[in-house]
Amino acid sequence: MGTLLDTSAIGGCNPEAAICTRGVTRDFQAGQQTITVLHGIDLDIRAGEMTFLVGESGSGKTTLISIMCGILWPTLGEVKVFGTDIYDLGDSELVEFRLANIGFIFQQYNLIPSIDAASNAAVPLIAQGMERHEARTRAVAMLEKLNIGDQANKLPSQLSGGQQQRVAIARALVHEPRLVVCDEPTAALDASSGRRVMDLLREVAVAENRACIIVTHDNRIFDLADRILVLEDGRITHDGREMPEGH
Ligand SMILES: Nc1ncnc2c1ncn2[C@@H]1O[C@H](COP(=O)(O)OP(=O)(O)OP(=O)(O)O)[C@@H](O)[C@H]1O
Ligand SMILES: [Mg+2]
């Protein structure tokens, strides 16, 4: 973990930045055509803040956050997370880094269908080697914070969309990762459940040395952002505390 203490400013990265991207470009192949979805993104995500990423469908939000948390390789560019150049790590080191430092809430919840809600929420703890009973107890406590403790023994298929979303949120937060990245965490939730999720995200993810990025279209929660980034056709076109006019 020595690299986490790296204070050099390689590639112009601010050593204080929780995430630093430089020149991040991503192409996809569509038949014979190459489409460029991200065009050289340079961003510093600060710790201690809730950063929202907004933009129209297809603008590249999921692609960008997937690259920021080591799930999808950039075509070009570099990404540092807490000072570690994540795409310089070997495959197994990257998996370990992700497990220890990152909680990801997927747009499609990606729950395991054959195990119950508590076991789903306990996955990161089990993967880290925690004893099963303790992992489950902690997972249930997290489900309780999200007001679905009574659903702990149900399979994902027996839960509503909003309940499944909260299980996915519990799984992302249960191991208290330093970086929490959420793709539309409140989309399936009513206003009060959405607020509760945002409160919990703030409690777990907003602290010195921690960072939280939220992709959202949900204008009910825009006022909770510390910083709003707008992505249009793979470029950042707005960076400020408020939403720009016209959105
Ligand atoms: N695996 C892939 N292969 C080819 N094209 C892809 C792939 N993944 C994403 N794309 C394309 O990249 C663009 C950006 O996709 P992305 O999922 O990042 O958008 P988004 O901003 O998250 O949209 P939404 O709000 O609908 O979730 C889209 O045009 C999409 O079709
Ligand atoms: Mg998306």
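Which strands does helix 1 lie across, and at about what angle does it run to strand 1? I looked, keeping in mind that this is a predicted model. Helix 1 lies across strand 1, strand 2 and strand 4, and its angle to strand 1 is about 125°.

I find four strands in an open sheet, ordered 2-1-4-5, with antiparallel pairing. Strand 2 (33-45) and strand 5 (84-85) are the edges; each has a single partner strand, so one side of each has no neighbour in the sheet. I then checked how strand 5 is held to strand 4 (residues 76-81), and found two bridges between the antiparallel pair. Lysine 80 sits opposite aspartate 85 of strand 5.

Next entry: ligand 1. I listed what surrounds ligand 1: Phe28, Ala30, Val37, Gly55, Ser57, Gly58, Ser59, Gly60, Lys61, Thr62, Thr63 and Gln107. Two elements give two or more residues to this shell, strand 1 (19-30) and helix 1 (61-68). Helix 1 gives the most, with three residues. Sorting the shell by type, I get three nonpolar, eight polar and one charged.

Last entry: glutamine 165, which I located in helix 5 (residues 161-173). Is glutamine 165 buried or exposed? I note it as buried, because there are 26 C-beta neighbours inside 10 Å, and 20 or more is the cut-off for that label. Leaving out residues up to four places away in sequence, glutamine 165 touches Tyr109, Ala188 and Leu189. I also looked up its distance to arginine 26, 139 residues apart along the chain: the two C-alpha atoms are separated by 28 Å.

Definitions and conventions. Residues are numbered from 1 along each chain as its sequence is written. Chains are lettered from A and ligands numbered from 1 in the order in which they are written. This is a predicted model: local features need pLDDT of at least 70, side-chain atom pairs count only at pLDDT 80 or more; totals for chains, interfaces and linings use all residues. A residue is near a molecule or strand if its C-beta atom, placed from the backbone, lies within 6 Å of it. Ala, Val, Leu, Ile, Met, Phe, Trp, Tyr, Cys and Pro count as nonpolar, Asp, Glu, Lys and Arg as charged, and the others, Gly among them, as polar. A residue is buried if 20 or more other C-beta atoms lie within 10 Å of its own, exposed if 12 or fewer, and partly exposed in between; C-beta atoms are placed from the backbone. Two residues are in contact if their C-beta atoms, placed from the backbone, lie within 7 Å. Two strands pair if DSSP finds at least two bridges between them. Axes are lines fitted to C-alpha atoms, for helices over the stretch in contact, and angles run from 0 to 180 degrees between N-to-C directions.
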